[in-house]
Amino acid sequence: MWMTTVFLVTVQLLQPDDARESFEVWLCPLHRDEQAVGPAACPICERPMVKRLLVSSYSCPMHPHIDREEPGTCNICYMDLVAMTRELQWYCPDDPREVSAVPGSVCSKSGDAMALRTIPMAHGDHNPRHGGILFMAPDRYHHLEGVLSPEGAFRLYFYDDFTEPMDASDFHARIGAETLR
């Protein structure tokens, strides 16, 4: 317990490029939806999970590369920024595939300090896009948004794990004896 506290304080002190409070999570490198609060094996592929640092962020629903520490508006489309979770990742500018979750890491080839970037997390954005209610589908991958219009029409929108719209043209469902398309 004491070592964990010291580590988290050290993480805060070592990330001068991003002053947000971070929190630790363990993810499967292959199945990023599989998470744990400490070292573990992925329940799907049994690979060891890797430690990642996450931060709360504000991002534009239309421009996910926009990443701010505070609420505001997008400087491109002027939409309100929405709360989401992003991963802190350090990378080598000369080889962006070389990454680390550890602040202060250095590039293996050049010895230069790694640069910081944030990347959107799967399931890190649960903000409705059409004024409805957004929720997770039972498959733990898809998001659904249900919207009831003032005229009484119900619409259902489908999103992937990054809240990107999905084609629902092949979707079929039934409520009682009523078939929906």
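I started my look at this predicted model with D95, which counts as buried at 17% relative accessibility. Next I checked its partner: R97 forms a salt bridge with D95, and the closest N and O atoms are 3.2 Å apart. R97 itself counts as exposed, at 72% relative accessibility.

E87 and R52 bring their side chains together in one of them, at 3.1 Å from N to O. E87 sits in strand β4 and R52 in strand β3, so this pair ties together parts 35 residues apart in sequence.

My next stop was D67, whose side chain meets that of R86 in a salt bridge of 3.6 Å, N to O. This pair links distant parts of the chain, with D67 in the loop between β3 and β4 and R86 in strand β4, 19 residues apart. D67 counts as buried at 19% relative accessibility; the cut-off for buried is under 20%. R86 counts as buried too, at 2%.

Last, I turned to the nonpolar residues. Which residues make up the largest nonpolar core? I found eight: L53, V55, L88, W90, C92, C107, M114 and L116. Strands β3 (50–59) and β4 (82–92) each supply at least two residues of this core, and the largest share, three residues, comes from β4. Apart from this core I noted another one of five residues, including W26, C28, A36 and C42.

Technical notes
Residues are numbered from 1 along each chain as its sequence is written. This is a predicted model: local features need pLDDT of at least 70, side-chain atom pairs count only at pLDDT 80 or more; totals for chains, interfaces and linings use all residues. Side-chain values use heavy atoms; hydrogens and water are left out. A nonpolar core is a set of buried Ala, Val, Leu, Ile, Met, Phe, Trp, Tyr and Cys residues joined through side-chain atoms within 4.5 Å. Buried means under 20% relative accessible area, exposed over 50%, partly exposed in between (1.4 Å probe, protein chains only). Helices (H or I, at least four residues) and strands (E, at least two) are DSSP runs, numbered from the N terminus. A salt bridge is a side-chain nitrogen of Lys or Arg within 4 Å of a carboxyl oxygen of Asp or Glu.
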